[in-house]
Structure formats: C-alpha cells, structure tokens
Amino acid sequence: MRRPQGVLLPPVSAARVRRGDVYRALRAAVLDGTLRSGERLPSTRQAAADYRVSRGMVEEVFAQLTEEGFLERAVGRGTYVAPTVSRLSPAAKAKSGQQRSPSRRGQRVAANAACREPDVARPFNAGTADTREFPWKIWQRLQGRAARELGQAALNFADPRGLPQLREAIARYLAQFRGIRCGSGQVIVFNSAQQALHALAVLLLDRGDAVWMEDPCYPGARAAFELAGAGILGSPVDDKGLCVDTGPPRAARARLAYLTPSHQYPTGVAMSLERRITLLDWAARNHSWVLEDDYDGEFRYEGQALTALYSLDTQARVLYVGTLNKAMFASLRLAYAVVPGDLVEPLANIRTQLDGFTAAAAQLGMALFMDDGHLSSHLRRMRVVYGAKRAMLVHELAPLAALGWTWPRNAAGMHLLVRHERGDYVRAVAAASSLELALLSSYRIARTSGDGLFLRFGALDAAGLRAGAEELVATAKQIKR
C-alpha cells in the first residue's frame with residue numbers, strides 16, 4: 001500500500017519559481033488556514049517535483065518555516081503544520097473577542113485632526129507656504145554644496161541640539177528680524193514647532209500641573225500639554241489678545257502660560273503692550289514659564305513687525321518657539337526653540353528620546369540659505385505675495401460686513417477668521433458650502449454663543465482664492481434669507 005504524500009501545496013504564480021516565492025506561498029497558506037494545523041506536507045522530493053525546483057531549495061524553505069515555528073518535522077514521520085498555528089487563523093482571531101480600544105487619552109488626542117494638513121490645497125484649507133515663488137534652483141545648489149561640505153559626516157548621527165552652523169544662523173536671524181538677542185547656545189533645532197512644544201511640555205510639566213492658555217487656542221499646543229498630563233485653564237481672547245486680568249482663579253498658580261501674542265491663533269489679533277507687561281509680571285511673581293509661539297511673526301503686512309514678548313522679558317521666564325517651515329516650505333521640517341542655558345541639555349536629552357536628531361544636510365543647507373541672504377530676500381518677496389492675497393480676500397468678503405460678519409484688522413499671517421454673533425448661522429453656512437471651512441468653535445476650550453470660519457489662504461493662487469470667497473459670500477447671503 002502506498003503511503004500518503006500529504007496535502008496539495010498552494011500554487012506559485014511565477015514564470016521562474018524562486019526560493020522566496022515558495023517560502024511566501026507556504027507561509028501565507030499556513031496563516032490564512034489553507035494549510036491547517038496538523039496536516040502533513042508532501043516530502044521535499046515530491047514538493048520539489050510539484051514546484052519544478054531543486055530539492056535543496058525546498059529543504060531550505062521547510063527548514064526556515066520549521067525554525068520559525070510554522071512547521072514541525074520528525075525523522076521517519078514527515079513534516080506537519082505546527083499545532084500552535086491554529087491560534088493564528090482568521091477564525092481563531094475572530095473568536096478571541098473584541099479588539100482592544102485605545103486609551104481614553106489616546107482617543108481624545110487622536111480625535112484632534114486640526115494639525116493634520118490636507119492632501120490638496122483648496123479654499124480654505126491652505127495654510128501652508130506658497131511654493132510657486134520659492135527659489136528652487138538656489139535651494140538645489142545649496143543642498144549640493146552642503147552635501148559636499150559635510151561629506152560622509154552627513155551619514156552619521158547629528159547633534160540633537162542642532163548643527164552649530166544653523167543654530168548660529170537662527171540666532172542672527174532672530175536678532176535682525178524679531179529683535180531677539182540670544183546666544184546660539186540657547187537655540188535648539190526641532191523638526192517642527194509641534195515637536196518643540198511636546199518636548200517642552202515633557203520637560204517643564206508634571207502630571208496635574210496647570211497650563212494657562214488662550215481660548216480659542218492652537219489645538220496642537222493643547223494636545224502637547226494634555227499628553228504631558230497637564231490641566232488646561234482657558235482665558236478668553238478679545239481685540240487686545242489674552243484677557244490676563246480675567247483669567248480663572250487657578251491661573252495664578254499655573255506652571256506655564258502658552259500664547260501667540262503677535263498674531264493670535266486663530267483669531268488673528270495682536271496682544272497689547274499693557275497685557276504683555278502684566279503677563280510678564282505674573283510669570284516673575286509666580287516663578288512660572290511663558291511659552292511664546294511665534295508661528296508666523298515674519299508675515300506682517302502693515303508697519304514693522306511686532307516686538308516679540310521674549311525681547312521684553314528681563315527675568316528669563318519666556319521660552320520662544322518659531323518655525324522655518326512657514327517661511328520656506330512645509331516639507332523642510334525645521335523649527336527651533338530659544339530657552340535659558342540651563343534647559344538646553346535636558347531638552348536635548350528629551351529630543352534624543354523623540355526622534356534623535358534632524359538630518360545634518362538639511363540643516364547645513366538652511367544655514368547656507370540664511371547666511372547668503374536668500375532667506376531675507378525670499379521673506380521680502382513673500383510678504384508682498386501674502387499681503388496681496390489677504391487684501392484680495394478682505395476685498396472679496398466685503399459684502400459679508402452688511403450681514404454682520406467681522407474680522408480683525410491686524411494685517412498679518414496666512415489665515416483670516418471671519419466671525420458672526422449667531423453661531424447657528426455660521427454653522428449653517430459651513431454645512432451648506434462645498435468649501436473646506438474650519439469652525440472657530442472647534443478651537444475653543446469653553447463654549448460660547450458666537451462662532452466663526454477659519455479661512456486659510458497661504459497656498460492658494462489668486463483664482464482659487466477669488467472663487468472661494470465668491471462662493472462663501474453667495475452661501476452666506478442665501479442662508480441669511
């Protein structure tokens with residue numbers, strides 16, 4: 001009587017069968033239950049004949065699958081699918097019960113999609129830089145120069161604080177454009193302002209500490225502080241910025257205050273000098289930190305750039321965060337923080353636990369771009385470009401004023417917030433429009449009756465901006481009736 005030769009092996013769809021093809025076919029058949037636990041496989045001689053390959057190749061495949069635990073082999077008995085693989089089959093997984101859900105904190109943070117950039121820029125989701133005006137050929141040339149100067153060092157680990165050349169260039173840039181006097185040793189390079197906020201939150205906050213924030217606020221900052229286990233205390237924002245004198249009672253004991261004083265995110269107002277001084281007095285009196293996020297301080301279109309809060313601080317209580325991604329292009333992934341000297345090394349150590357460091361080639365290329373004067377030229381050009389876009393948007397939206405809509409006069413940045421005291425009306429306009437409109441209420445900590453639409457226009461061309469504004473005005477008029 002002939003001995004059974006085992007189950008039929010799964011086919012391999014390849015003109016020329018290779019070792020990897022046989023391995024993947026058998027492994028997949030075991031995982032999906034085609035080859036069930038306990039079933040006997042053909043001999044290596046028979047399998048080689050079936051696949052028309054050498055017996056040595058099949059022997060190697062069987063040996064690897066045995067070593068990985070998918071097969072069991074015994075001299076004189078043959079090769080069998082291991083009993084344990086029954087627990088890997090789809091049916092076994094379905095019976096194992098419901099999948100575990102993320103933590104409550106994870107679900108809450110994951111639900112915040114406001115920091116996620118859209119795949120395609122369209123009205124009005126386009127808050128990133130307009131790359132049509134970027135000097136690409138100059139950038140390419142400097143990237144090549146950076147690669148040559150670094151040589152094989154570009155392939156190694158880089159300083160988690162940032163490349164010395166870039167830290168020096170950022171310190172000079174801040175002195176020239178933002179009136180900030182700091183040493184290059186106080187500058188730490190990050191991939192994004194969001195990463196810098198996360199690292200600072202981990203460094204400065206214990207679980208349960210209070211953070212004082214603007215309301216409405218930047219959702220990314222709120223997420224960073226919540227991930228650190230902090231409690232959020234919100235104070236309203238009016239036309240003079242954060243209402244410092246009307247903060248919640250616990251704000252007096254807050255460990256840190258976070259704000260965007262030059263161009264409040266998302267309302268767009270600027271914080272008055274009187275309130276800035278009051279906030280600095282609070283920080284000195286309570287030994288608290290003030291985290292200034294100057295996310296688009298370069299783009300003010302009327303008058304001089306506003307003085308940074310950092311430059312008014314005499315007690316070393318202000319930490320300054322900025323980004324080059326807004327001024328350059330989104331995929332650059334270069335931002336920075338300016339902190340007191342005694343925080344530099346601890347912050348660098350935390351940086352190594354997040355993602356290690358930023359690639360040296362991109363850092364040196366950016367340093368060369370800044371040192372050769374290309375960044376200053378590019379910023380002057382882009383101020384004109386973005387300023388013209390904002391002026392066009394305000395002009396096209398002018399009919400909304402008769403319907404009760406308002407917007408700030410602070411001519412700055414790449415977004416415009418239009419508001420109405422009737423929140424239900426605002427939400428009806430957003431729902432009826434085909435535009436991508438973010439609601440102001442999604443940026444709030446506490447609920448209020450009014451609402452607004454967050455219009456991001458930085459990456460839009462003139463035609464797209466005008467068409468979006470015309471549709472928004474038409475929809476608002478239609479809903480009003």
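**Close-up views of a predicted model**

**View 1. Arg52 sits out in the open.** Arg52 has a relative accessible area of 79%, so Arg52 counts as exposed (exposed means over 50%, buried under 20% and partly exposed in between, with a 1.4 Å probe and protein chains only). Its place is the loop between α2 (44–51) and α3 (55–67); helices (H or I, at least four residues) and strands (E, at least two) are DSSP runs, numbered from the N terminus. Phi of Arg52 is near 60°, a positive value in a residue other than glycine. This is a predicted model, where local features need pLDDT of at least 70, side-chain atom pairs count only at pLDDT 80 or more, and totals for chains, interfaces and linings use all residues. Residues are numbered from 1 along each chain as its sequence is written, and side-chain values use heavy atoms, with hydrogens and water left out.

**View 2. His287 also has a positive phi.** Here phi is near 55°, again in a residue other than glycine. Look for His287 in the loop between α10 (273–286) and β9. At 60% relative accessibility, His287 is exposed.

**View 3. Two peptide bonds are cis: Pro123 to Phe124, and Asp215 to Pro216.** Omega is near 0° for the bond from Pro123 to Phe124, and Phe124 lies in the loop between α5 (104–110) and α6 (136–150). For the bond joining Asp215 and Pro216, omega is about 10°. Pro216 belongs to the loop between β5 (210–215) and α9 (219–227).

**View 4. The largest pocket has a volume of about 660 Å³.** Of the 25 residues that line this pocket, Cys115, Glu117, Thr128, Tyr218 and Lys326 are the closest to its centre. Helix α8 (193–204) and strand β14 (451–456) each supply at least two lining residues. On a 1 Å grid over the protein atoms alone, a pocket is an open set of points with protein on both sides within 12 Å along at least five of seven lines, while a cavity is a set where a 1.4 Å probe fits but cannot get out; lining residues have an atom within 4 Å of a point. Grid points are joined across faces, edges and corners, and a volume is the space filled by probe spheres set on the points.

**View 5. The largest cavity has a volume of about 70 Å³.** Among the residues lining this cavity are Arg178, His263, Asp296 and Ala412. The second largest cavity holds about 30 Å³ of space, and its lining includes His263, Arg390 and Ala412.
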